[in-house]
Amino acid sequence: MRRGMCSKGEDKLRWHLAWEPKKYRETNKYLANAGRGFYNINGIVISDAGAVEDWVFDRIMAGEETETLELLQIHIGAYRDREISPFGLGQIEKIFDAYARSARPLDLIVRVLYDWDGRGYESDPASMAVIFRHMEQMGAIFSAYRDRIFIVQGVFVGSWGEMHSSRYLTADSFQKLIRKMQQVVPKTAYLAVRTPAFWRMAAGRAEPLARSEAEDADGLPARLSLFNDGITGNETDCGTYGSCSCQETGNPGEPWIREEELSFQERLNLFVPNGGEVVIENRENDLENACRVFARMRLTYLNKGYDLAVLDKWRRAVVRSDDPVWRGMSGLDYIERHLGYRFVIRSASLKETEWRREDSALTVEIENVGYAPRYRPCKVEILCVPLDEGGARVDEYRAGGERSLPVDADVRNWLPGERIALRVPIPVSLCRNCEIYLRVTEENGSAVLFANESIAMEDGRCFLGIARERK
């Protein structure tokens, strides 16, 4: 008998499937996925002079359902000479409670600050002890509402809370402030510092985060992300970068030249998020230049309200691409679609012949076309929905009773610009005659949406194809 052929007896010991895959076409549509995208700013002043007005809470409750991020700025300058009063704490808690009760699936980026007028030095509290006490008071509220908090930016001090123009940002004072933040902010939230130099100062080294450290929730480097409110403003991103190379400074806590800092972010922000706002319309933030920079920064989030001169420039720009998915789209929409992670199913195949005692093998190829990874874990599963002999779904499975197979996959490793292959063994008893779906969900059960035409559904399921037993 020739190699590759089997006898009739052997053939009875094998199963034979026909795999009918779907067409896996990429879409450019908006996806309301968590932990990425453009954000709004909600700035609220807290003081004993009066309660937060009702319209603030109405706005929190009534925002757009498609919004995914909001930067909540809490101004506590009224308390810079004392602890936050019980009345003030009650107002802050009421704000977080409104977000918790809102039906919007918002992740919060939180910044507590003493200054909104660019007068950081004048707004500094009387002592470090006051700042520490404020951090402890806010930390208790952060812990109570940890499910809503994605990132806490800054260390309270500086003009606009942006970590400049404060007497408390010397190397020694900053180290004390960031470690206090590490203590009081729940481990489920990232901390964020204003520049890569501050990250290196906090970590005490020149090397960015390594993969082996990335899941160490007790270690400061694994929790420490970046925010940049001077993106593409000029060659130094408005002081974010320096004028000397790392070899010339010899100090990891000093800013490096632009190219070195972008290379640093390319490595660091595979594991922790990066975001902020663009400023000052110039050649650096022309569409093509901006897209190249954002990909190197692994940019996850961006202010949708500033700088309008830059945002309007992107809105007028038209994407020129060889890829018909993106050709002709406005630059602003193109950037929004690529902030953070964006997963696309490229192919799916099922092994069609094997010994009956063996499982079939499903392979799904996925590409992340976004600028950044996803930083939080997800549940990944394959769903098998049985079909009857006529090819229709079996009644008992129509109302969500499908068979679920867990997939051993970490979505945090689906890196930007890379394709990964999920290989999933499926018992033959499940896949003889069935529809097969992929589903990825957040820890809270909400769906992670894929950028595919036709096959992606609102509940997060992606229809991969139909497996039928060949007689």
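This is a predicted model: local features need pLDDT of at least 70, side-chain atom pairs count only at pLDDT 80 or more; totals for chains, interfaces and linings use all residues.
Of the 471 residues, 54% count as buried. The secondary structure comes to 14 helices and 17 strands, and the C-alpha atoms fill a box of roughly 90 × 50 × 45 Å along the principal axes. Among contacts between residues at least 6 apart in sequence, 77% join residues at least 24 apart.

Now for the aromatic rings. The structure holds 16 aromatic pairs, and two of them are set out here.

| Pair | Centre to centre | Angle between planes | Geometry |
|---|---|---|---|
| W256 and F264 | 5.9 Å | 90° | edge-to-face |
| F343 and W414 | 5.0 Å | 70° | edge-to-face |

W256 and F264 are both buried, and R200 lies over the face of W256, 3.5 Å from the ring centre. F343 and W414 are buried too. F343 belongs to strand 10 (residues 343–350), whereas W414 is in the loop between strand 14 (403–406) and strand 15 (419–426), so their pair ties together parts that are 71 residues apart in sequence. Ring pairs also link F343 and W414 with Y341 and F450 into a cluster.

F450 leads us on to A456, which contacts F450, R461 and C462 once neighbours within four places in sequence are left aside. A456 lies in the loop between strand 16 (434–441) and strand 17 (461–469). As for R461, its charged end sits over the ring of Y437, 4.8 Å from the ring's centre.

How values were computed
Residues are numbered from 1 along each chain as its sequence is written. Side-chain values use heavy atoms; hydrogens and water are left out. Helices (H or I, at least four residues) and strands (E, at least two) are DSSP runs, numbered from the N terminus. Buried means under 20% relative accessible area, exposed over 50%, partly exposed in between (1.4 Å probe, protein chains only). Contact means heavy atoms within 4.5 Å. Rings of Phe, Tyr and Trp (its six-membered ring) pair if their centres lie within 6.5 Å; planes under 30 degrees apart count as stacked, over 60 as edge-to-face and the rest as tilted. A charge sits over a ring if NZ of Lys or CZ of Arg is within 6 Å of the ring centre and within 35 degrees of the ring normal.
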